[in-house]
Amino acid sequence: MDNSIGHDHDADGSPADRFPADVVKQGKPDTRPPKPNALGDPTKHDRIKQMGLDPATEINAYFEHLGQADPEEMGLPEGETIERYRPTLHTWGPWGAFQHGAPPAAILTHALQRCPGLPDGMRTTRVAVDILGAVPYTEMRTRARITRPGKQILKVEAELLAEDRNGNWRAVASAAAWRMAVLETDEVEKSFARPIPGPEQATVGGPLYDDWDCGYIDSIDITSLPDPDEPDGHHRIHWVRTDKPIVAGDTTDGVEYLMSMVDVANGVGASLDPREWMFMNTDLVVHLHREPRGEWIGISAKASIGPDGIGMTAADLYDVHGPVGRSMQTLLVRPQST
């Protein structure tokens, strides 16, 4: 019997239905055993506490909403909506004292999806995130605005702001999304992406659990299995899910849910040993021909490394009903310091 994920469109709950803010999956441990050989910061809890966060208080979300800020106090135009957030331990990244790339992408998508003035009858078809600098563990602020209005095609942009040492709020990441008017095209629906085995066939935990030690990796569930097209090769298919909403007390829609995890494509598709090489992505671009549904996100990712310290990770993205889109990431490749 072929259990590969193809184009099965049986009814299923959306992540917003499956993961309201107060739902925690049963049986998942709060913490995983120590990984002495993994990459990460063994003193992360102490360092986060030094930054003003309490590691003993674990909020079941990536961010806590702190209300709105006065745009004029930040030197921004009157009338803009500025949302304030506090990052939690689940945003901790493996490369240093800054956030993993997934939570900034998630909170920016959250801002894009909730931008004031968005019309009904459209959905997000592409999200492009640029990481402009290290995203700290201090208070974050978002602003979003429609930059290209339209009835058929619309563009919305957002910024993630952090306060610098001089008290100025600067953008540490930005994002832009194209939205298009929806129209029923069931009779011509197709995808050229290959089918892959579903999460029920993935029985081995992903390598991220063994190779990385950080708050974000501990916040997600990853299973993997050999690529059926390369059963004896390095490449594996990964399925990822999380019980963490982006913002505590809020729901997470399908696009936001996918964007809270798809950044891990760089890690699961790695072609280099992370103990010998650093390969940080500076961006994340996701194209969606279909809106994702359900708790599992499938990732089939592969990295290409150039001869001059620059690389690229490309991934096909799935839910349990079939392909939903593709992602691309640009990599800065450097040897790990010894």
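A surface patch here joins like charges within 9 Å, using residues with over 30% relative accessible area and no salt bridge. The model is predicted.

## A negative patch

By that definition, Asp70, Glu72, Glu73 and Glu78 form a negative surface patch. Where does Glu73 sit? Glu73 is found in the loop between β3 (63–69) and β4 (82–87). Its relative accessible area is 69%. Exposed means over 50%, so Glu73 counts as exposed.

## Salt bridges

Side chains of opposite charge can pair when their charged atoms come close. How many salt bridges does a search of the whole structure find? The search finds 17. Three of these pairs are set out below.

| Pair | N to O distance |
|---|---|
| Arg86 and Glu64 | 2.9 Å |
| Arg84 and Glu139 | 2.8 Å |
| Asp273 and Arg275 | 3.9 Å |

Take Arg86 and Glu64, whose closest N and O atoms are 2.9 Å apart. This pair links distant parts of the chain. Arg86 lies in strand β4 and Glu64 in strand β3, 22 residues apart. Arg86 has 21% relative accessibility, so it counts as partly exposed. Glu64 is also partly exposed, with a relative accessible area of 27%.

Next come Arg84 and Glu139, whose side chains meet in a salt bridge at 2.8 Å, N to O. Arg84 lies in strand β4. Glu139 lies in the loop between β5 (122–131) and β6 (140–148). The pair therefore ties together parts that are 55 residues apart in sequence. Glu139 is partly exposed, with a relative accessible area of 22%.

The side chains of Asp273 and Arg275 meet in a salt bridge at 3.9 Å, N to O. A salt bridge needs a nitrogen-to-oxygen distance within 4 Å, so this pair counts as one. Asp273 is partly exposed at 34% relative accessibility, and Arg275 is partly exposed at 37%. Elsewhere, salt bridges that share partners join Glu80, Arg143 and Glu159 into one network.

## Two loop residues

Asp273 lies in the loop between α7 (265–268) and β14 (277–281). What separates the C-alpha atoms of Asp273 and Gln336? They are separated by 9.9 Å, although the two residues are 63 residues apart along the chain.

Ser219 has its place in the loop between α5 (215–218) and β12 (220–226). Is Ser219 buried or exposed? Buried means under 20% relative accessible area. Ser219 has 1% relative accessibility, so it counts as buried. Ser219 and Arg241 are 22 residues apart in sequence. Their C-alpha atoms are 9.1 Å apart in space.

## Helix α3

Helix α3 covers residues 102–113, twelve residues in total. What span should the helix have? The expected span is 1.5 Å times one less than the number of residues, so α3 should span 16 Å. Its end C-alpha atoms are 16 Å apart, which agrees.

The helix is mostly covered: twelve of its twelve residues are buried. Among them are Ala102, Pro103 and Pro104. Others include Ile107, Leu108 and Leu112. Thr109, His110 and Gln113 are buried too.

Definitions and conventions. Residues numbered from 1 in each chain as written. Predicted model: local features only at pLDDT ≥ 70, side-chain atom pairs only at ≥ 80, totals over all residues. Heavy atoms only, no water. Helix = DSSP H or I, 4+ residues; strand = E, 2+ residues; numbered from the N terminus. Buried < 20%, exposed > 50% of the residue type's maximum accessible area, 1.4 Å probe, protein only. Patch = residues over 30% accessible without salt bridge, like charges linked within 9 Å, V, L, I, M, F, W, Y side chains within 5 Å. Areas by Shrake-Rupley, 256 points an atom, 1.4 Å probe, with all protein chains shown as cover. Lys, Arg positive; Asp, Glu negative; His and termini not counted. Charge placed at Lys NZ, Arg CZ, Asp CG, Glu CD.
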